[in-house]
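Biologist: I am new to reading structures. Could you walk me through one, feature by feature?

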Amino acid sequence: NLPEKGKVTWKAPSNIALVKYWGKRPVQIPTNPSISFTLDACATTTSVTFEKKDSKDDFSFDLFFEGKPKEGFKPKIRTFLERIEMYLPFLKEYHFTIETSNSFPHSSGIASSASGMAALSLCLMGIERQLNPTMEEKVFNAKASFLARLGSGSACRSIKGNLVQWGEHANIPESSDLYGIVYPFGVNPVFKSYCDTILLVHKGQKQVSSTVGHQLMHGHPYAENRFKQAFSNLEKLRPILESGDLEEFIKLVESEALTLHAMMMTSMPYFMLMKPDTLEIINKIWQYREETKTPVCFTLDAGANVHLLYPASEKEKVQDFIKDKLAIHCENGHYINDRVGQGATKI
Ligand code: PMV
């Protein structure tokens, strides 16, 4: 009773981790738990058109990125399909046309793997749901997150909003290494409208992929303590998120960002993804916070760009600060104003 053909479209957001995932075991099992804000504006929209084919010997798909055929992305998608086939047995029954586009500019240095893998997983789950229409929403979301994780680890945190936790933790009920869950504890309203301005310091290709970075945590001299710290930071975050204690929030989030980069600088081989402008921005944030007592802070991904985090109530002031002091450190003065979002939507 497989449908002959059809089309599914989903829009999935990017996310930014507060406690970072860095280090994994096969197959995409995180060595420590993490938590992220789901974003809103930075998103990938993907359509999957499917049509039954005669031969079921192999996968068959075409791929279009922003309207143009994209052969370069095909091997990654094929690997993904191979990995998830055992969970979606219909994949070889169809020819797929996958059309995908990002809301953020191409080569902006913003990783699209999280939003991209989440959107594609949701589309494939959309087909699965046609075979199993009574599937519960919770099961649908958990399986979409499970599949997205197999495409790119952090993608499993891009299905729902506003705060998503991934990775088993003894004190977080229902937490799992296999998929992300909506953060199950109280969250102060301040965090539900938090702003994230992404300062695009360097739009080029990263010098080291996150895949390689994760691998370098094996045998890393500080790995054990780092993993312990992540478990403990998740624990510490609980009362902070509940009360809205921004002072403690800032300390924890900035320390996580710098620890992530410290792990890169102390692995073998070592590498550094921050640029001089990344450091200029960090210093200006610290100075501004000291002088104005505005609760702004930064976090970093595995790259040179800086995510500036602040409450929505400070938006006007912080926008002036960005224009006056930070924009000059961005490539072509380019930055993206984003905020915490609600998760993926079906189009
Ligand atoms: O999802 P991956 O394998 O690209 O790893 C991303 C890891 C960080 O973005 C650096 C941290 C995180 O938790 O998102």
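Modeller: Start with a sheet. Four strands form an open sheet in the order E11-E12-E10-E13, and their pairing is antiparallel. Keep in mind that this is a predicted model.

Biologist: Which strands are the edge strands?

Modeller: Look for strands that pair on one side only. Here they are strand E11 (297-300) and strand E13 (335-339).

Biologist: By how many degrees are neighbouring strands of this sheet turned against each other on average?

Modeller: The average is 25°, with direction ignored.

Biologist: How many bridges join strand E10 to E13?

Modeller: Five bridges link E10 (residues 195-199) with E13, and the two run antiparallel. Take Thr197 as a case: its bridge partner in E13 is Asn337.

Biologist: Which helix lies across E11 and E12?

Modeller: That is helix H7, residues 246-265. H7 lies across E11 and strand E12 (306-310), and runs at about 30° to E11.

Biologist: What does UniProt list for residues 198-330?

Modeller: An unreviewed UniProt entry lists them as "domain: Mvd1 C-terminal". Now look at the chain itself. Over residues 198-330 it is 57% helix and 8% strand. The end C-alpha atoms of this stretch are 10 Å apart.

Biologist: Now zoom out. Into which domains is the protein divided?

Modeller: There is domain 1 (5-188) and domain 2 (193-339). Their C-alpha centres lie 24 Å apart. Their contact takes 30 residues from domain 1 and 36 residues from domain 2.

Biologist: Which strand gives the most to the side of domain 1 that touches domain 2?

Modeller: Strands E1 (5-19) and E4 (34-52) each supply at least two residues of that side. E4 gives the most, with seven residues.

Methods
Residues numbered from 1 in each chain as written. Predicted model: local features only at pLDDT ≥ 70, side-chain atom pairs only at ≥ 80, totals over all residues. Pairing = 2+ DSSP bridges. Axes fitted to C-alpha atoms, helices over the stretch in contact; angles between N-to-C directions. Contact = placed C-beta atoms within 7 Å. UniProt positions renumbered as here; feature names shortened; annotations may be inferred. Domains from an automatic or database assignment.
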